[in-house]
2 protein chains.
Amino acid sequence: MEETTLLYEGKTKNVYALENGHYLLKFKDDVTGENGVFDPGANQIGLSIEGVGRMNLRMSVFFFEKLKAAGIKTHYVASNLEETTMEVLPAKVFGKGVEVICRRRAVGSFLRRYGDYIAEGAPLPLYVEMTLKDDGRGDPLVIRDGLIDLGIMSGEQYDDIKAETRKITEIIAGSLLEKGMELYDIKLEFGYHQDETMLIDEISSGNMRVYRDGTYIEPMELYALFFGQAAGR
Amino acid sequence: MEETTLLYEGKTKNVYALENGHYLLKFKDDVTGENGVFDPGANQIGLSIEGVGRMNLRMSVFFFEKLKAAGIKTHYVASNLEETTMEVLPAKVFGKGVEVICRRRAVGSFLRRYGDYIAEGAPLPLYVEMTLKDDGRGDPLVIRDGLIDLGIMSGEQYDDIKAETRKITEIIAGSLLEKGMELYDIKLEFGYHQDETMLIDEISSGNMRVYRDGTYIEPMELYALFFGQAAGR
């Protein structure tokens, strides 16, 4: 690892500044959860699972490379599995961070909100919504005009992110389908670097809900199924 | 009153079917609130205030006639202040009811959700958002695509309602400004009759937040200020 400066200590990743102007993400074995149970939706560190940092990185690299081949702009530059690090472009987040969710089926918070109108697991046509990263306010949903009026992003950026999110979700869903699994929803994050919007953060099992034959697959099981026997290496 | 059939008993209004195919809204003196305090945002009947039904009707008629003169489509046909009734077109609601909120300043639930990005009372450019009427789920916010994907309204209907809401809000804000008051936000409801979208329900002090010199005006005080000494008649 070349000389680095710690910029930010995150829940599951640390961010360092590299001398070449890029950032280095160091994936940790800490996962979010409550009472010792892994819950990707939780806002606090719940437990440590040996090797999970490397699995998160491995899946992220797999998808970032697939997206790159499809012409999708991402922050991904290179990775080092031994050191569990990923080199990325120094993108800025929108506001204090916006989460972009794409839903192929109605589960989770969508179902909790709109259960009066839709059944659990009913199909959705690549529905895209955005929430603000704000633990204290429960990551509130925000509409396009809200993001504009709050000065978080422009309407053009919203439309661009929505279109890219749909393309990315279709690619990831396609990869999962090849292995007999179905993507129900996924949470992505975008940033911008030199006025160009791009996918940032990681793409790992904690960011998506995946099912097989109608049964939810836990994040660690998803790795085993996705990468096969080599999962635990 | 001609012969009528009770169709629906609401919290603050009863709805009757008239022989001419129209509906008759009977305004009651019950208001929503908690612990005996009038709170227009509450979902239950809190208390009864003598004459409030007539005040709600009187303000509604005032604004419906003003909107009609401006070419805005509403369900309003006629009114009878003595009997506290309003005759309206038999419009259907979208889904199980959608509330349309227009915000000129950041207060209430907008501030609770987005207070990390905006100060209390900061101006908003006629921001329009929609929520589903669902007491059990806390009237959840819903984006344009959500309304479409849930089969509640079309994109064209959403855009039409958003544009009408802005026109209506400007007209109401103008009337209040003439009396030295400022409209911060307002909650409207739309329906459709013979494929035409129109403003329905009532337009009364319980549906809006109004301020004078930066101080919130309680619903009953608003009537007194708006109609002057004749308010209590």
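The model is predicted: local features need pLDDT of at least 70, side-chain atom pairs count only at pLDDT 80 or more, and totals for chains, interfaces and linings use all residues. Residues are numbered from 1 along each chain as its sequence is written, chains are lettered from A in the order in which they are written, and side-chain values use heavy atoms, without hydrogens and water.

**How the chains pair**
- Chain B is superposed on chain A by a rotation of 180° with 0.0 Å of shift along its axis, at RMSD 0.0 Å (least squares on the C-alpha atoms of residues with pLDDT of at least 70 in both).
- The two copies are therefore related as by a two-fold rotation axis.
- In chain B, the C-alpha nearest the axis belongs to B:Ile143, 2.8 Å from it.
- Both copies use the same surface, as 100% of the contact residues of chain B recur in chain A (contact means heavy atoms within 4.5 Å).

**Helix H1 of chain B**
- Helices here are DSSP runs of H or I with at least four residues, and strands are runs of E with at least two, numbered from the N terminus.
- Buried residues of H1(B) include B:Val52, B:Met55, B:Phe63 and B:Leu67 (buried means under 20% relative accessible area, with a 1.4 Å probe and protein chains only).
- After H1(B) comes B:Gly71, with a positive phi near 85°.

**A loop residue, B:Ala106**
- B:Ala106 lies in the loop between strand E10 (98-105) and helix H2 (108-114) of chain B.
- Its relative accessibility is 0%, so B:Ala106 counts as buried.
- Not counting residues up to four places away in sequence, B:Ala106 touches several residues, among them B:Leu111, B:Ile118 and B:Leu124.

Conventions
Buried means under 20% relative accessible area, exposed over 50%, partly exposed in between (1.4 Å probe, protein chains only).
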